[in-house]
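Q: Can you walk me through this model? I'd like to ask about a few parts as we go.

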Amino acid sequence: MEILDFFRKRKSIRQFTKQKVSDNFLDKIITAAELAPSAGNLQPWRFIVVKDEEMIKLITESTYQGASSTNPPQSWIKEADLLLVVCIDNQKTVEKYGEMGAATSAQDVAAAVENILLAAAGLDLGACWIAGFREAEIRPILQIPEQVQLTALIPLGHTEFDPPRRKRLPRKEILFYEKYNNNKI
Ligand SMILES: Cc1cc2nc3c(=O)[nH]c(=O)nc-3n(C[C@H](O)[C@H](O)[C@H](O)COP(=O)(O)O)c2cc1C
């Protein structure tokens with residue numbers, strides 16, 4: 001496969017079939033996450049696999065559409081076969097790097113999430129990065145300890161849906177040479 005085709009295959013998928021995600025696929029996805037880089041190799045990512053339908057429904061109720069936490073839930077999430085709940089335990093990173101550790105841990109875990117999304121696409125599974133949720137409501141449901149942050153939800157499932165690719169910004173808005181805002185070499 002041409003390298004960019006691999007990246008283009010990943011799209012946010014919000015429709016799923018009823019087919020179960022096999023443990024083998026799930027294992028590959030978690031392995032992909034573990035292969036992400038992390039500051040000091042401290043691997044602050046933690047994952048909770050939620051397969052129980054009622055738990056998924058409950059968590060979905062604590063999600064919201066768009067930018068306001070009072071908006072209605074992202075109901076499509078409950079159609080996923082499973083939810084990967086992505087957490088950050090940055091204690092070791094903060095011990096080692098001080099304040100900067102909080103920021104690097106967030107970057108580490110974001111890298112792991114992208115690996116998960118790419119692995120899911122490679123396995124022809126649908127997945128989506130979700131940040132629209134009320135953390136305080138979900139924490140007790142999953143018994144997440146105080147020192148651990150909940151950073152993303154990833155609904156995962158088989159899909160027959162292939163949405164159009166979302167547009168990217170013009171290159172000149174994001175790429176500069178030598179100095180910020182300089183578009184010419
Ligand atoms: C940090 C982050 C948070 C996101 N939160 C949500 C979300 O709550 N709900 C949702 O449907 N999509 C969410 N997305 C997915 C984006 O909408 C999607 O990545 C973007 O529109 C580009 O589309 P693509 O992923 O298909 O390329 C999120 C993506 C990121 C990186």
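What follows is a short exchange about a helix, a sheet, the ligand surroundings and a few single residues.

Q: What kind of model is it, experimental or predicted?
A: This is a predicted model.

Q: How many residues does helix 5 have?
A: Helix 5 runs over residues 100-122 and has 23 residues. From first C-alpha to last, helix 5 reaches 33 Å, close to the 33 Å expected at 1.5 Å a residue.

Q: Which residues in helix 5 are buried?
A: The buried ones are G101, S105, D108, V109, A112, V113, N115, I116, L117, A119 and A120. Residues three or four places apart on an α-helix point the same way, because there are 3.6 residues a turn.

Q: And what covers the buried residues of helix 5?
A: The cover includes helix 2 (23-34) and helix 4 (91-97), along with strand 1 (45-50), strand 2 (82-88), strand 3 (125-127) and strand 4 (149-158).

Q: What comes just after helix 5?
A: D124 sits there with a positive phi of about 65°. Most residues other than glycine have a negative phi.

Q: Where else is there a positive phi in a residue other than glycine?
A: Q43 has a phi near 50°, and Q43 lies in the loop between helix 2 and strand 1. Q143 also has a phi near 50°; Q143 is in the loop between helix 6 (135-142) and strand 4.

Q: Is Q143 buried or exposed?
A: Q143 counts as exposed, because it has 7 C-beta neighbours inside 10 Å. Q43 has 19 such neighbours inside 10 Å, so Q43 counts as partly exposed.

Q: Switching to the sheet: in what order do the strands run?
A: Four strands form an open sheet in the order 1-2-4-3, with antiparallel pairing. Strand 1 and strand 3 are the edge strands, each pairing on one side only. The twist averages 25° from one strand to the next.

Q: How many bridges link strand 1 and strand 2?
A: Six bridges, in the antiparallel sense. I48 stands opposite V85 in strand 2.

Q: Which residues are around the ligand?
A: They are K11, S12, R14, Q74, C128, W129, I130, A131, G132 and R166. By class, that shell has four nonpolar, three polar and three charged residues.

Q: Last one: where is E173?
A: E173 is in helix 7 (residues 171-174). E173 is exposed, because it has 10 other C-beta atoms within 10 Å. E173 and T70 are 103 residues apart in sequence and 33 Å apart in space, C-alpha to C-alpha.

Technical notes: Residues are numbered from 1 along each chain as its sequence is written. This is a predicted model: local features need pLDDT of at least 70, side-chain atom pairs count only at pLDDT 80 or more; totals for chains, interfaces and linings use all residues. Helices (H or I, at least four residues) and strands (E, at least two) are DSSP runs, numbered from the N terminus. The expected span of a helix is 1.5 Å times one less than its number of residues. A residue is buried if 20 or more other C-beta atoms lie within 10 Å of its own, exposed if 12 or fewer, and partly exposed in between; C-beta atoms are placed from the backbone. Two residues are in contact if their C-beta atoms, placed from the backbone, lie within 7 Å. Two strands pair if DSSP finds at least two bridges between them. Axes are lines fitted to C-alpha atoms, for helices over the stretch in contact, and angles run from 0 to 180 degrees between N-to-C directions. A residue is near a molecule or strand if its C-beta atom, placed from the backbone, lies within 6 Å of it. Ala, Val, Leu, Ile, Met, Phe, Trp, Tyr, Cys and Pro count as nonpolar, Asp, Glu, Lys and Arg as charged, and the others, Gly among them, as polar.
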